[in-house]
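Let's walk through a protein model together, one step at a time. Have the sequence and the 3D view ready, and look up each residue as we come to it.

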Amino acid sequence: MINKLPVEFKGKFDFLKNGYNLDFNVKSKNSQLNDFFTALPPQFITWLTKTTIKGKTDLLFSLKGKYIAQENIKPDVHFNMKIRDGFISYNKAPLPATNIFLNFDTKLPSLDTEKLVLKIDSIYFDVGKDFFNGNIKVNGLSKPQIDARVRSKLDLAKLDQALGIENMDLKGSFSADIVSKGNYNKQQKQFPITKGNLELKNGFVQSVYYPNAIKNINFKAVVSNSNGELNDLSLLISPAKLEFEGKPFDLYASLKNFEDITYDIKAKGELNIERIYNVFSQRGTDVTGFAKMDLAFQGRQSDATSGKYANLNNKGNLELKEIKIYSEFLTKPFVIKEGLFCSIKIK
């Protein structure tokens, strides 16, 4: 037992003259979904005491094969999880997450990410009349083969209430309809055939790390690729808006032909980067600074990189102050003390 989760474990570990031979299998069959959550790290315990969880789950983890570093031989990893008839209600939420269904399977032969096989051949849940439905298959990592379909219509406030998302208060109406199938290979200029729409209306994000919320978040994004090549990929954001501490920010972006991007971008507003970052605070990283902009960029990537600046229509101002990025991965902070960047049309 791992807390309340019943687990069957079988394993073998052999020492070789130049490495190891491993064969481990861990599984839990037809277990209670609530018992699975009891086996998670301690930070989930407080959440779990306030949450009603129902449903069944199957789990499988295996690590099998030889590990010989000198010959670059590594074992295979396999993880599988199924959930049936899942139900989650945090703090007696008026609308729980119901009909939770998951088929998740991933394999990593020889611990080689280029051989990654990831399958979520179904994930589904309801929150009242809202829903999320997805199917995702990925083979490989740097040049993946992708077959994905995601559809959702969610009231984020109801979802937040149902799941009890820790340290965060969410609101807004989110919808998605994305279909993507094919290969992504930058060197061969390939991109999956894709048609996708994302929309967020009246979004609101507030965390326990900062007293003020990011509110009035509205964006609509459309991504399209009809022939599986980078030159047909387009992304339209029209527009993205938000308000933070009484300061509005607007963004419009149109990007076409990702072999030689034709761009039309407009951005206007003020961003207190430090305070926005505090809303999404992450351990080990810190960002401070201020940015004010009123920019418009139009042109083509090849003109910009080849010095044909007369073909570009870039104008506006960007003001940066005290930009600092602290990270546990950097020995010293990255700093922009102050900068005023002006762009005008070159005749």
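Predicted model: local features only at pLDDT ≥ 70, side-chain atom pairs only at ≥ 80, totals over all residues.

Start with glutamine 161, which is partly exposed at 43% relative accessibility. Here, buried means under 20% relative accessible area, exposed means over 50%, and partly exposed lies in between, with a 1.4 Å probe and protein chains only. Residues are numbered from 1 along each chain as its sequence is written, and side-chain values use heavy atoms, with hydrogens and water left out.

Where does glutamine 161 sit? Its place is in helix H3; helices (H or I, at least four residues) and strands (E, at least two) are DSSP runs, numbered from the N terminus. Setting aside residues up to four places away in sequence, glutamine 161 touches Tyr90, Ala93 and Pro94, where a contact means heavy atoms within 4.5 Å. Now find glycine 203: it is 42 residues from glutamine 161 in sequence, and the two C-alpha atoms are 15 Å apart in space.

Glutamine 161 also leads us to a pocket. The second largest pocket is lined by residues including Gln161, Tyr90, Trp47 and Asp160, and about 170 Å³ of space lies in it. To find pockets, a 1 Å grid is laid over the protein atoms alone: a cavity is a set of points where a 1.4 Å probe fits but cannot get out, whereas a pocket is an open set with protein on both sides within 12 Å along at least five of seven lines, and lining residues have an atom within 4 Å of a point. Grid points are joined across faces, edges and corners, and the volume is the space filled by probe spheres set on the points. Helix H2 (45-49), H3 and strand E9 (168-183) each supply at least two residues of this lining.

Next, turn to the largest pocket, which holds about 340 Å³ of space. It has 17 lining residues, and the closest to its centre are Phe37, Ile83, Ile88, Ile100 and Leu163. Helix H1 (33-38), strand E4 (76-90), strand E5 (97-108), strand E6 (117-127) and helix H3 (156-163) each give two or more residues to this lining, with E5 giving the most, four. By class, the lining has 17 nonpolar, no polar and no charged residues.

Leaving aside neighbours within four places in sequence, phenylalanine 37 is in contact with Trp47, Leu48 and Ile53.

Tyrosine 263 is buried, with a relative accessible area of 15%. Not counting residues up to four places away in sequence, its contacts include Ser254, Leu255, Phe297 and Arg300.

Now for some backbone details. Most residues other than glycine have a negative phi, and most peptide bonds are trans. Asparagine 30, in strand E2 (residues 19-32), has a positive phi near 50°, and it counts as exposed at 52% relative accessibility. Glutamate 245 also has a phi near 50°; it lies in the loop between E12 and strand E13 (247-256) and is partly exposed, at 28%. The peptide bond from serine 238 to proline 239 is cis, with omega near -20°, and proline 239 lies in strand E12 (residues 234-244).

Finally, step back to the whole chain. It has five helices and 17 strands, and 33% of its 347 residues count as buried. Its C-alpha atoms fill a box of roughly 75 × 55 × 45 Å along the principal axes.

Notes
Nonpolar A, V, L, I, M, F, W, Y, C, P; charged D, E, K, R; others polar.
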